[in-house]
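Hi,

Here is the structure I promised to pass on to you.

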Amino acid sequence: MVTHFTRRTFLGATLAATATVALASCTTGPGARAGVDRILSTDPLVAQYEARRAANGATVTQNLTIGAFDALVAGTALTTWGYNGTLNGPLIRAKTGDLLNVPVTNTLAEPTSIHWHGLALRNDADGVPGVTQKAIAPGSDYGYQFLLNQPGTYWYHSHVDMQRERALSGALIIDDPNEPMAYDQEWVILLDDWLDGLPGTPDDALNSLAEGSGMSGMDSGMRGMGSRFTSPYLGGDAGDVPFPAHLFNGQAPQTAEVFDSRPGNRIRLRIINAAGDTAYRVGIPGQKITLTHTDGFPVQHQDVDAVVLGMGERIDALITVVDGYTPVLAFPEGKDGSAYGLIRTGSGTPPPPDQMPSTLTGDVTDGGQLRADESVRLPSRTPTRRHEMRLTGGMHSYDWSINGRTFNMDDPYAGAFDTSLNERVQITMTNDTMMWHPMHLHGHTFQVAGNKARKDTVIIRPGKTVTVEFDADNPGQWLAHCHNAYHAARGMIGLVSYVR
């Protein structure tokens, strides 16, 4: 019998079969290297590779308390779960070479974890219960400590069941001490689709999808679960779940966030799609944006009218501010609704939500279509290991899988994609389903074939194939999965495994 990726199996797994062990609670030491030495994994190779990362001697500490809190979302008072009682977790900011120290307290009534999305970090800090750590038990403390070796726009979120579909996510920005790009201001933007408490929960939505019963147990305005949302850009079906709200830094359009600037200022937008089932099309009406990075890595600059971000993807863009109010729009691709924020220069009046444009057209692209900057292209090398990853399953029984295998947390190594240390690995991902999938690899960045972007999350459209390559230079056990929260919860997960 197939066991799905559910709370029962995911939280019940232990580390008995894993090649690395969980960290103990961590404390800030006198310097980054000393802190790392105290928490080295019992797997000597993971420890050895962490010790190779450059350290500047500085430690950045951010305490996180995970728990329930009261919030106002799109005008509705509700209770949800988050970090430090906020809809967006605290912005964590550090530099390359810093040691990140995050003491965590779990006040939820169930176990949890934190995954550091996009980082090539030590394996036992990756935050996947049953694979890289034991889940953080209710009422207990835990510590994450790891070195930061790549600048860019990243984020963190729970990696347990549907917890990320509440407010358990936040931005992580790693600054480059030698930043080559010039700009006057920076705006970090976290986009999210929201249904928790409006009404029902993400677990209710998942159960309705799995049962094929629609939203009959929830508000009539939310019925239609599993109905088709269409996006020609994404190749057909845009998503599975209708969301009553889309948030831009935790705010619905009625209370849009306002960012103060001056005419002529150059602003770096760091855009993160933290949604569970929604791609966003982002742009400024009547104004080009210049794309500069995807998933933390620089690309050849490209001026576009809009950019589409799949779940888990990040895009950095430059804009030049004009006088008055400038809306930064985020439309849920193929779905109803919108989210936006406003740049204010001190003159004019803000446009009301009902006077905003309803579409963004023209030159539209996504991170997987961009070309890597020459400074971050992988060196030319013939792959020494090749894997085929077919994305399988479908809406009928709402079972999602890789190579026909639904991930089983009771045996996470079944069907693992094995490799060996320091190999060049090529993965050919073919989408055999009728739905697009944003595929994410933990602990590495890959390069999309054809000198395209360095990324950790890439869109695979229905019936299409995307080939990526990466170097197996970070030993451990690493998930590769669809970053649609509902697809991952129903089994579209694999494991890339190597230690020796």
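Below is what turned up, going from the whole chain down to single residues.

A word on the ground rules. This is a predicted model, so local features need pLDDT of at least 70 and side-chain atom pairs count only at pLDDT 80 or more, while totals for chains, interfaces and linings use all residues. Residues are numbered from 1 along each chain as its sequence is written, and side-chain values use heavy atoms, with hydrogens and water left out.

**The whole chain**

The protein chain has five helices and 34 strands. Both kinds of element are DSSP runs numbered from the N terminus: helices are H or I with at least four residues, strands are E with at least two. Of the 500 residues, 62% are buried. Buried means under 20% relative accessible area, exposed means over 50%, and partly exposed is in between (1.4 Å probe, protein chains only). Looking at contacts (heavy atoms within 4.5 Å) with a separation of 6 or more, 75% are between residues 24 or more positions apart.

**Two open sheets**

Quick background: strands of a sheet pair through backbone hydrogen bonds, either parallel or antiparallel. Here two strands pair if DSSP finds at least two bridges between them.

β26 and β34 (residues 493-498) run parallel and are joined by two bridges; F417 has V496 in β34 as its bridge partner.

Start with S113, in the loop between β5 (99-106) and β6. Is S113 buried or exposed? S113 counts as buried, because its relative accessibility is 0%. Its side chain reaches the backbone oxygen of G127 at 2.8 Å, and a polar atom of that side chain lies 3.4 Å from the backbone nitrogen of H159. At 25% relative accessibility, Y183 counts as partly exposed. Which residues does Y183 touch, not counting residues up to four places away in sequence? They are R266, R268, R270 and L318. Y183 and R268 are 85 residues apart along the chain, yet their C-alpha atoms are separated by 6.5 Å. The side chains of Y183 and R268 are also joined by a polar contact of 3.1 Å. A polar contact is a pair of N or O atoms within 3.5 Å; within protein, one must be able to donate a hydrogen and the other to accept it, and residues adjacent in sequence count only if both atoms are side-chain atoms. The side chain of Y183 makes another such contact, 3.4 Å, with the side chain of E186.

The largest pocket holds about 370 Å³ of space. Among its 19 lining residues, R53, A120, N149, R454 and D473 are the closest to its centre. The elements giving two or more residues to this lining are α3 (44-52) and β32 (465-471).

There are also three cavities of 30 Å³ or more. The second largest cavity has about 80 Å³ of space, and its lining includes M389, I427, F446 and A480. Which element gives the most to that lining? β28 does, with three residues.

For both kinds of space, a 1 Å grid is laid over the protein atoms alone: a cavity is a set of points where a 1.4 Å probe fits but cannot get out, a pocket is an open set with protein on both sides within 12 Å along at least five of seven lines, and lining residues have an atom within 4 Å of a point. Grid points are joined across faces, edges and corners, and a volume is the space filled by probe spheres set on the points.

Cheers
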